[in-house]
Amino acid sequence: VRTTYRIPASATDVFETETIIESPRITVPKITIATSGDSLTTQPADVAESFTFSRSMTRSFVGVVMAVHLGIQPLIRDERANASWVCVERSNETTPRRSRDEVIEESLRNILCCMPAHELEDGMTWPLGIGLAAWFEDFGETGLAKLASVAVTNKSNLESLSHALRWIGRIDNPDSVQARLRLLIGLLNAPSGTVKDGAALGLVELGSPLAIAPLENAARTETNTSLQRDLEQAAEYLKQSS
Amino acid sequence: VPYLLRSINKRKWDWSAGNPPWLIGDAIPAAPFGDVSPSADSELSVWWVPDDKSNVHRVVTAIAAGRQHPDKFDYALIEEGALRELGFVLQQVAESCPDPQASEQWHHNLKQLTADDLRRLVDLIKRTAELDRVQGPQVKKLLTAALDARRLDETKVNSKLLEVLRSQPKRGAQVTVGPSPSVRSAPSNRRRILTMARASLTSTLRACARFLRR
């Protein structure tokens, strides 16, 4: 015996938004539940006989709360309560599932490209800093490893990377000082002078005396005299301030 | 010898013969021209600095106060005499700036600039100018000190910068400022509490979701 229930629109609002899966570029088309003349109700939906109305409401409510709190799609996907999730899952079947690594790299690229190259000036990269701080909070040390590989392989705008490394030094997160220090010291050997300089500036912002010796070593091996002077100056500054 | 100070990005002036490899002979790469980009009236802003360079930090502070956040400050000190010898027209004129006194005393414009002038200027800076840097935390200290001494007109200081400098618990202290007022920039005790509360709320919601899925 199949039972028909009328589900109030307020309970299904959460499913009527555009659903973005893992990346802003992969957008599942908006799924709209056809409404009857009365805007407050949806089309009657068939559900299994064992599924009670109150339980459906509870699940939808939790879904709404989670969506509001987390800002992401609700974790509850009850195909019986709302047929639209079946459509979402089916439309995703053709999309190859991306690894976490790819997600981190793509989000990093999006942040590094968030400002046009001609706007990248000293002291004017606030949007980049905000994006990078939020990205770092999401991905932590795994993200730092990805940032290192992007910086070493020159896969991004070098000036943008230089500013990003300064922001890495500025982030106020005492728990991650060691990881950030390792990243910045490692990048003192990057092939690009701009990236090396960014790493040195990040170390100055970080303010750790542990960076003095690596900065001095990097200065000794540097062939570009102007950059060599900057690396020495960074080491000197850290000596004085410690 | 007095100088004229121009804000630059030192990495744009790193070129030499054969570096980058595509640079042939005594050609000048385009990058440094970004640092001498004139106004719509073909004028270029420079600041006069005496022989003893006593006002460099004051000028750096005045320029940095127009930025969004403290960052390193690179500058070139060009000999005034060399500029005049090359026929550059220099005029003292105050500009709108957070440090009006400094602007009145030391701000100048190079006037009636042509494309050839810019090339000669880039060449002159590369050959003779002193390129130097003030580190980011030092710029922050200078800005804080200038605000404390009321040398800066706060209505002309960049509002974001003002927010960053005011968010310090005590002016002049060595504090790293997070990029946005959030859990990250909260004092450590409060940050720990906020992080714990958020983590417990998230885990509770996840547990609820798992339970309901079952």
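Two strands count as paired here if DSSP finds at least two bridges between them, and helices (H or I, at least four residues) and strands (E, at least two) are DSSP runs numbered from the N terminus. The model shown is predicted: local features need pLDDT of at least 70, side-chain atom pairs count only at pLDDT 80 or more, and totals for chains, interfaces and linings use all residues. Residues are numbered from 1 along each chain as its sequence is written, chains are lettered from A and ligands numbered from 1 in the order in which they are written, and side-chain values use heavy atoms, with hydrogens and water left out.

**View 1. The open sheet of chain B has six strands.** Their order is β4-β5-β2-β1-β3-β6, with antiparallel pairing. β4 (89–92) and β6 of chain B are the edge strands with a single partner each, so one side of each has no neighbour in the sheet. On average, neighbouring strands are turned by 35° against each other, direction ignored; axes are lines fitted to C-alpha atoms, for helices over the stretch in contact, and angles run from 0 to 180 degrees between N-to-C directions.

**View 2. Here are β1 and β3 of chain B, with a helix across them.** Six bridges join β1 (residues 3–8) to the antiparallel β3 (residues 73–79). Look for B:Tyr3, which stands opposite B:Glu79 in β3(B). Helix α1 (residues 56–64) of chain B lies across β1, β2 (44–49), β3 and β6 of chain B, and runs at about 130° to β3(B).

**View 3. Chain B meets chain A.** In this interface, 38 residues of chain B are in contact (heavy atoms within 4.5 Å) with 43 residues of chain A. The two chains bury about 3,700 Å² between them, 53% of it on carbon and sulfur atoms; buried area is the accessible area (1.4 Å probe) that two parts lose on being put together, summed over both. Nine salt bridges (a side-chain nitrogen of Lys or Arg within 4 Å of a carboxyl oxygen of Asp or Glu) link chain B and chain A. One of them pairs B:Lys10 with A:Asp230, the closest N and O atoms being 2.6 Å apart. α7(B) gives the most to the side of chain B that touches chain A, with nine residues.

**View 4. A salt bridge lies within chain A.** A:Lys239 pairs with A:Glu216, their closest N and O atoms being 2.7 Å apart. A:Lys239 belongs to helix α10 (residues 225–241) and A:Glu216 to helix α9 (residues 212–221) of chain A, so the pair ties together parts that are 23 residues apart in sequence.
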